[in-house]
Structures are given as C-alpha cells and as structure tokens.
2 protein chains.
Amino acid sequence: MHIHFLGTGAGLPSKDRNVTSIVLDLLQERNGLWMFDCGEATQHQILHTSIKPRKIEKIFITHLHGDHIFGLPGLLSSRSFQGGEEPVTIYGPTGIKQFIETALTVSQAKLSYPIMIEELKEGIIFEDDQFSVSVKKLDHAIDCFGFRIDEKDSQGPLLVEKLKEDGITPGPIYRQFKTKETVQLPNGNKVHSKDYIGEPKKGKSVAILGDTRTKEEYVSFVENVELLIHEATFNKEQVQLAYDYFHSTTAQAAKIAQKANVKKLILTHISSRFQLDEIDQLLLEAKQYFEETVIAHDFYSTSIK
Amino acid sequence: MHIHFLGTGAGLPSKDRNVTSIVLDLLQERNGLWMFDCGEATQHQILHTSIKPRKIEKIFITHLHGDHIFGLPGLLSSRSFQGGEEPVTIYGPTGIKQFIETALTVSQAKLSYPIMIEELKEGIIFEDDQFSVSVKKLDHAIDCFGFRIDEKDSQGPLLVEKLKEDGITPGPIYRQFKTKETVQLPNGNKVHSKDYIGEPKKGKSVAILGDTRTKEEYVSFVENVELLIHEATFNKEQVQLAYDYFHSTTAQAAKIAQKANVKKLILTHISSRFQLDEIDQLLLEAKQYFEETVIAHDFYSTSIK
Ligand SMILES: [Zn+2]
Ligand SMILES: [Zn+2]
C-alpha cells in the first residue's frame with residue numbers, strides 16, 4: 001500500500017504545487033489504483049510518474065470545488081484514448097454526475113470503458129472481502145466528505161513445519177486448511193484448521209479528509225489509522241481565517257492526529273501564500289502536537305506501514 | 001499584434017506539447033487578449049508566460065472536443081480568484097453554454113466579473129470600429145469553426161508640414177482635421193480634411209482554423225491574411241488517415257496557404273506520434289508548397305507583420 005501526491009496546493013495551481021489529487025496505490029493488494037480528487041492537470045502530473053491511468057479502479061471526490069474536480073473530464077477521456085477497458089467507479093457529492101455527464105456529452109467523448117457514478121452519503125459506501133470505505137461529512141463551504149479506507153485482516157500463513165511435525169505431509173490437502181474449518185486426514189482423523197494457521201495479518205487503514213474546518217468528532221472517525229491525510233491551508237496563528245474560509249490550520253490537523261492515535265500524519269492543500277522557506281515553520285507547528293508529521297509536496301510518495 | 005501558442009498538441013497532452021490554446025495579443029491595439037481554444041492546463045501554461053488572465057477580453061472556441069475546452073472552467077475560476085473584473089465574452093459551438101454553466105454551477109464558482117456566452121453560426125460574429133471577426137464552418141467529426149480576424153484600416157497621420165506650408169498653424173484646430181470632413185479656417189476659408197491626412201494604415205488580418213479536413217473553399221475565407229494558423233495532425237503521406245479522422249496533413253495546410261496568398265503559415269495541433277526529430281521533416285513537406293511556414297511549439301510567440 002503506497003500513497004502518491006499528484007497535487008498538494010490550495011485553490012489554484014502555482015508553479016510549485018498543482019491543485020489536489022492523491023493516489024492510493026493498491027496494485028499489490030488488488031491490482032488497482034484509487035484516486036482521491038482530480039484537480040485540473042492531474043493527467044499532466046501523471047505523465048511525470050509511473051502511474052497508469054488504466055489501473056485506476058475508483059475515484060473518490062471529496063467536494064465539487066473546481067480545484068478538486070476540473071481534471072476529471074480530461075483524465076477520463078485520456079484513459080479511453082489510451083485504450084483503458086476496465087470499469088471505473090466514481091464516488092462524489094451530489095452534482096458530480098451532472099458535471100461528468102455534461103462534460104463527456106458536449107465533448108462527444110465515447111469512453112472505451114464503463115463508468116459508474118455514485119453520489120455520496122455518510123456511512124459505508126463500499127465493501128468487499130478486502131476493503132471497506134466509510135464516509136463522513138465534513139464542515140466546508142460546500143458539501144465535503146472524508147474517506148476512511150480499512151483493509152480487512154487477512155488470513156495468517158499455513159504453519160507448514162507444524163503440519164509436518166504432526167505427520168501431515170505436503171499435498172493438495174494443505175489447500176483445505178485455508179478454506180475449511182475442519183480437515184479430515186487420510187487416516188480418518190479430523191483436525192481444526194485454526195491450529196495450523198499463523199497469526200492473521202492486520203489490515204491497514206488510511207483516512208483522507210477533504211477541505212474542512214476542524215471538528216472534535218473527526219477524532220473517532222480517523223482513530224488508529226496508519227495514515228491520516230489532512231488539509232492545512234493556514235498556519236497556526238490563522239485560526240480565525242481558517243474558520244472564516246472553512247479550512248484548518250497546521251496545529252488543528254496535528255491535534256486531530258494526536259488525539260486519534262494515528263501512526264502518521266501527512267499535511268496537504270498548502271496555500272501558495274507560503275514561500276518555500278516557510279514550509280519548515282509549518283512543519284514545526286504541527287510537530288509540536290504530533291511528531292510523525294510530513295508536509296506533502298507534488299510527487300511525494302511513501303509506503304504505508 | 002502578437003500571437004502566443006500555449007498548447008500545440010493533438011488529442012491529449014504529452015510531456016512536449018499541451019493541448020490546444022492560442023492567444024492573440026491585442027494589448028497595443030485595444031488593451032486586451034483574445035484566446036482561441038482552452039485545453040486542460042491552459043492556466044498552468046500561462047503561469048510560465050507574462051500573459052495576464054485579467055486582460056483576456058474574448059475567448060473563441062473552435063469546437064467542443066475535450067482537448068479544446070477542458071481548461072475553460074479552471075481558467076475562468078482562477079481569473080476570478082485573481083480579482084479579474086472586466087467582462088469576458090465566450091464564443092463557441094452550441095453546447096458551450098451548457099458546459100460552462102454546469103461546471104461553474106456545480107463547483108459554486110461565483111465569478112467576480114460578468115461572462116457572456118454566444119453560440120456560433122457562420123458570418124460576422126463581432127464588429128466594432130477596430131476589428132471584425134467572421135466565422136466559417138469547417139469539416140470535422142463534430143461542429144467546428146474557423147475564425148478570421150480583420151483589423152480595420154486606421155486613419156493616416158496628420159500632414160503637419162503641409163498644414164504649416166499652407167499657413168495653418170498648430171493649435172486646437174488640428175483636431176478638427178481628424179474628425180470633420182471640412183474645416184473652417186480662422187480666415188473663413190473652408191478646406192478638405194483629406195488633403196491634410198496621409199495614407200491610411202492598413203489593418204492586419206489573421207485566420208485561425210480549428211480541427212478540419214482540408215477543403216478548397218477555405219482559400220477564399222483566409223485569402224490575403226498576414227497570418228494563417230492551420231492544424232497539421234498528419235504528415236504528407238497520411239492523406240487517408242487525415243480524411244478518416246477529419247484532420248489535415250502538412251501539405252494540405254500549405255496548399256491552402258499558397259492558394260490564399262497568405263503572408264505566413266503557422267502549423268499546430270501536432271500529434272505526439274511524431275518524435276522531435278521528425279518535426280523538421282514535417283516542416284519540409286509544408287515548405288514544398290509554401291515557403292513561409294513555421295511549426296509551432298508550446299510557448300512559441302511571434303509578432304504579426
Ligand atoms: Zn480545495
Ligand atoms: Zn483537437
């Protein structure tokens with residue numbers, strides 16, 4: 001599980017930071033990429049990475065401000081141009097369907113793959129045997145959502161040494177230990193599978209919040225995740241500005257991370273008002289409350305542990 | 001009068017060429033910029049130029065394919081963010097209004113300036129005492145238009161030496177020679193203004209065609225322009241491909257330039273199939289028919305003479 005930041009700026013693109021897009025790389029887990037937000041020129045940013053648009057399986061949109069959605073029509077069209085065939089599901093606030101359908105209709109884009117568009121409400125919006133995605137409404141000037149992605153625990157490894165010790169020799173019977181509760185041995189004895197399966201591998205969790213004012217109730221939503229991605233449009237002092245413009249400060253984001261006992265915090269949605277040399281200061285402000293903090297920059301990428 | 005190429009690629013962005021956008025710089029003539037097409041990331045390209053979005057007075061859209069319009073919502077929103085106040089008029093094929101209004105509505109962009117959107121038909125779509133713009137329908141897979149911009153001839157200079165020779169001394173009376181047909185002198189005599197005005201300055205003309213198959217009838221539409229901007233998506237050999245995909249070859253574009261007796265031809269909408277070292281070959285193909293040809297690249301800029 002890896003995360004790639006394609007755009008880490010706020011509001012409008014600058015030479016240093018593009019507008020928002022984040023890719024959760026689940027290639028190892030499910031041969032797919034999940035994108036979160038798609039600001040204008042996200043497809044252009046992708047040209048400078050090894051990301052393959054045809055591997056995008058799902059796109060989650062936090063809110064409909066232009067800096068989070070204006071790259072969608074181009075990304076979807078180019079994915080088709082490049083011969084993408086696998087379906088894509090897009091989740092976003094009410095209005096996302098009208099936006100996408102209008103753009104694709106007027107431009108007469110005939111996509112080479114099916115798209116499904118699901119408009120968001122709070123709760124679990126996706127679940128299969130590997131992952132679940134839950135959604136929480138945030139506090140922004142426009143309907144805006146946070147996503148929590150929980151990987152399910154996966155079965156532990158087969159304890160081959162123990163099987164051999166107990167005289168159960170390798171063969172097709174080993175497969176039964178993975179799928180059945182009890183296994184009948186060739187000698188007629190029955191054994192419990194769980195006695196021959198190691199500790200389950202704990203699934204990882206990631207929370208990605210859209211633009212928002214800070215709110216105490218986010219603590220329980222993001223509790224114990226390996227990675228929290230939170231906006232930090234303003235510095236520690238700009239509490240009133242953050243409130244007025246429905247955004248958060250560095251310190252507010254870090255306090256949520258601390259209270260929620262997350263493993264790592266990545267701050268993004270950084271305003272172009274901050275010069276490059278002020279970024280260190282922003283980081284210090286956050287670290288005062290939560291040490292394991294990083295400030296993302298475009299093309300920053302890390303694996304989730 | 002200058003022209004700036006912000007995007008010169010075909011279909012989808014590459015590392016070398018962005019999708020289409022061209023700016024006709026009329027800052028000297030009318031303190032304004034006229035944009036032709038606005039592919040995704042046009043506002044990003046602008047960041048690398050001295051172009052000021054608030055100076056954009058008109059945007060002309062040749063057709064609604066995504067590579068020509070997906071940058072519009074972002075450009076309009078950012079122009080507002082940056083405090084643009086002057087109105088913008090957008091001209092484009094039927095559907096452009098729905099596209100822009102949907103994007104601005106769902107993203108809740110409240111522009112700081114008025115926009116007018118006019119859907120195109122053939123004929124003269126704009127005229128004032130300086131310029132006229134005429135429109136011709138082209139032959140593309142989707143409704144597509146070409147624009148011809150004609151600057152009107154402007155009044156010649158006052159012939160001050162001749163005025164003095166005839167005993168008409170400098171003073172407020174000189175202004176009357178610019179606005180009245182006859183001027184009454186202090187001694188009561190009447191003279192014709194035209195006898196004291198030099199040769200009029202000839203206006204310049206530019207033609208910008210959208211994506212199109214070649215057609216003989218374009219010759220009269222672009223006749224005698226100082227600058228013709230024409231697509232060249234395919235090379236000289238690819239006549240059948242050009243026809244099938246509703247595009248032109250290098251040679252076809254150059255033949256139009258030759259027959260229409262234009263002063264200069266700039267080719268754009270260059271496919272990313274062509275490697276950098278093949279561009280010279282494309283240029284040679286065009287020059288075989290029309291010597292004064294240039295192949296545009298992103299950020300290519302020239303003045304129109
Ligand atoms: Zn934002
Ligand atoms: Zn095109």
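## Salt bridges overall

Over all chains of this predicted model, the count comes to 22 salt bridges.

In chain A, the side chains of Lys97(A) and Glu101(A) form a salt bridge, with an N to O distance of 3.3 Å. Both residues lie in helix α5 (residues 96-106) of chain A, and because they are four residues apart there, about one helical turn separates them.

Lys97(A) is partly exposed, at 35% relative accessibility. Glu101(A) is also partly exposed, with a value of 38%.

## Pairs in chain B

Lys137(B) and Asp143(B) meet through their side chains in a salt bridge of 3.4 Å, N to O. Lys137(B) has a relative accessible area of 37% and is partly exposed. Asp143(B), at 41% relative accessibility, is likewise partly exposed.

A further salt bridge joins the side chains of Lys194(B) and Asp195(B), at 3.8 Å from N to O. Lys194(B) counts as exposed, because its relative accessible area of 64% is over the 50% cut-off. Asp195(B), by contrast, is partly exposed, with a relative accessible area of 33%.

## A network in chain A

Beyond such pairs, Arg30(A), Glu57(A) and Asp128(A) are joined into one network by salt bridges that share partners.

Distant parts of the chain are linked by the pair Asp67(A) and His269(A), which are 202 residues apart. Asp67(A) belongs to helix α3 (residues 66-69) of chain A, whereas His269(A) sits in the loop between β14 (264-268) and α11 (279-287) of chain A.

Asp67(A) is buried, with a relative accessible area of 10%. His269(A) is buried as well, at 3%. Both count as buried because their values are under the 20% cut-off.

Definitions and conventions
Residues numbered from 1 in each chain as written. Chains lettered and ligands numbered in written order. Predicted model: local features only at pLDDT ≥ 70, side-chain atom pairs only at ≥ 80, totals over all residues. Heavy atoms only, no water. Helix = DSSP H or I, 4+ residues; strand = E, 2+ residues; numbered from the N terminus. Buried < 20%, exposed > 50% of the residue type's maximum accessible area, 1.4 Å probe, protein only. Salt bridge = Lys/Arg side-chain N within 4 Å of Asp/Glu carboxyl O.
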